[in-house]
Every structure is written in structure tokens, then in C-alpha cells.
Amino acid sequence: MLNFAALSMVFAIGGSLLVIWLDYRPWLFLLVFGGGLFVWRVFYTAAIQAAMSYCNGIRTSFDFYRLDILKAMNIRLPADTHAEREIWTMLGQWIYLGIHP
């Protein structure tokens with residue numbers, strides 16, 4: 001989807017410059033530029049929606065298998081919700097900040 005969005009933006013800008021350079025007609029310029037921007041907006045919105053859907057799928061699968069992930073990492077399973085939150089906070093700091101637990 002992002003490829004189509006980028007191509008439609010190239011068409012909007014390139015086509016508009018071509019219209020100005022070859023034969024300037026204001027209505028044709030507005031048609032090419034406005035149409036290209038409209039198509040860009042449609043494809044960009046579709047790409048964002050697809051990315052959000054993919055993100056929700058990843059988040060759901062991570063939440064569903066979170067205890068299996070801890071087992072695979074040889075980390076002791078937490079006794080309650082508070083302990084689990086502390087474990088995931090420490091893992092997040094280890095992954096993102098490099099702070100070893």
C-alpha cells in the first residue's frame with residue numbers, strides 16, 4: 001500500500017510539473033494534482049489501517065503466549081500479577097535500555 005501511495009504522490013507532483021512545463025492549463029493542473037493527492041490519501045489511509053491491524057495481531061499473540069515466552073527464556077513464572085508486571089518491566093529495560101536484570 002505504501003508503494004502505491006508513493007507512486008501516486010510521484011504522479012501528482014511529476015504530472016503537475018509536466019502539465020505546467022508542456023501546456024499550462026489550470027484545470028488540467030488541478031485535475032492531475034488533486035487526483036494524485038486524493039489517490040495518495042486513499043492508499044496511505046489503507047496502509048495505516050493495515051499496519052494497525054497487523055500491530056493488534058502481534059500484540060494479541062504476545063499477550064496470549066506471554067507465559068510461554070517466559071518459559072522459553074528460562075525465567076521463573078510469576079506468582080501474581082504484580083510480580084509479572086515487575087518481570088516484564090525488567091525485561092523491557094533490558095531489551096530497550098540494555099540494563100541487565
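This is a predicted model: local features need pLDDT of at least 70, side-chain atom pairs count only at pLDDT 80 or more; totals for chains, interfaces and linings use all residues.
User: What does R66 touch?
Analyst: If neighbours within four places in sequence are left aside, R66 is in contact with E84 and W88. Its side chain also has a polar atom that lies 3.0 Å from the backbone oxygen of D63.

User: What joins the side chains of E84 and R66?
Analyst: The side chains of E84 and R66 are joined by a polar contact of 2.4 Å.

User: And E84 itself, which helix is that in, and is it buried or exposed?
Analyst: E84 lies in helix α4, and it counts as buried because its relative accessibility is 13%, which is under the 20% cut-off. Not counting residues up to four places away in sequence, E84 touches R66, L67 and P78.

User: Switching topic, what is the volume of the largest pocket?
Analyst: The largest pocket has a volume of about 270 Å³.

User: Which residues line it?
Analyst: The lining of the largest pocket is made up of F62, D63, R66, I69, M73, E84, W88, L91, G92, I95 and Y96, so R66 and E84, the pair joined by the polar contact of 2.4 Å, are both found in that lining.

User: Which helices supply the lining, and which one has the largest share?
Analyst: At least two lining residues come from each of α2 (26-64), α3 (66-72) and α4 (81-97), and the largest share, six residues, is supplied by α4.

User: How many of the lining residues are nonpolar, polar or charged?
Analyst: Sorted by class, the lining of the largest pocket has seven nonpolar residues, one polar residue and three charged residues.

User: What about the loop between α3 and α4, where N74 has its place? What is its phi?
Analyst: N74, in the loop between α3 and α4, has a positive phi of about 55 degrees although it is not a glycine. N74 is exposed because its relative accessible area is 73%, which is over the 50% cut-off.

User: OK, on to α2. How many residues does it have, and what distance does it reach?
Analyst: Helix α2 has 39 residues and reaches 57 Å from its first C-alpha to its last, which is close to the 57 Å expected at 1.5 Å a residue.

User: Which of its residues are buried, and what do they pack against?
Analyst: V32, G36 and A47 are buried in α2, and the buried residues of this helix pack against α1 (2-22).

User: What about P26 and A50, how far apart are they?
Analyst: P26 and A50 are 24 residues apart in sequence and 36 Å apart in space, taken C-alpha to C-alpha. P26 is placed in helix α2, and A50 is found in helix α2 as well. P26 counts as partly exposed because its relative accessibility is 44%, and A50 also counts as partly exposed, with a relative accessibility of 44%.

User: Now α1. What does S8 touch there?
Analyst: S8, which has its place in helix α1, touches G36, V39 and W40 when residues up to four places away in sequence are not counted; of these, G36 is one of the buried residues of α2.

User: Is S8 buried or exposed, and what lies 2.8 Å from its side chain?
Analyst: S8 is buried because its relative accessible area is 6%, and a polar atom of its side chain lies 2.8 Å from the backbone oxygen of A5.

User: And M9, which residues does that touch?
Analyst: M9, also in helix α1, touches L37 and W40, again not counting residues up to four places away in sequence. With a relative accessibility of 23%, M9 counts as partly exposed.

User: How far is M9 from F33?
Analyst: The C-alpha atoms of M9 and F33 are separated by 8.8 Å, and the two residues are 24 residues apart along the chain.

User: Last one, what separates P26 and L7?
Analyst: P26 and L7 are 19 residues apart along the chain, and their C-alpha atoms are separated by 23 Å.

How values were computed. Residues are numbered from 1 along each chain as its sequence is written. Side-chain values use heavy atoms; hydrogens and water are left out. On a 1 Å grid over the protein atoms alone, a cavity is a set of points where a 1.4 Å probe fits but cannot get out, and a pocket is an open set with protein on both sides within 12 Å along at least five of seven lines; lining residues have an atom within 4 Å of a point. Grid points are joined across faces, edges and corners, and a volume is the space filled by probe spheres set on the points. Helices (H or I, at least four residues) and strands (E, at least two) are DSSP runs, numbered from the N terminus. Ala, Val, Leu, Ile, Met, Phe, Trp, Tyr, Cys and Pro count as nonpolar, Asp, Glu, Lys and Arg as charged, and the others, Gly among them, as polar. Buried means under 20% relative accessible area, exposed over 50%, partly exposed in between (1.4 Å probe, protein chains only). A polar contact is a pair of N or O atoms within 3.5 Å; within protein, one must be able to donate a hydrogen and the other to accept it, and residues adjacent in sequence count only if both atoms are side-chain atoms. Contact means heavy atoms within 4.5 Å. The expected span of a helix is 1.5 Å times one less than its number of residues.
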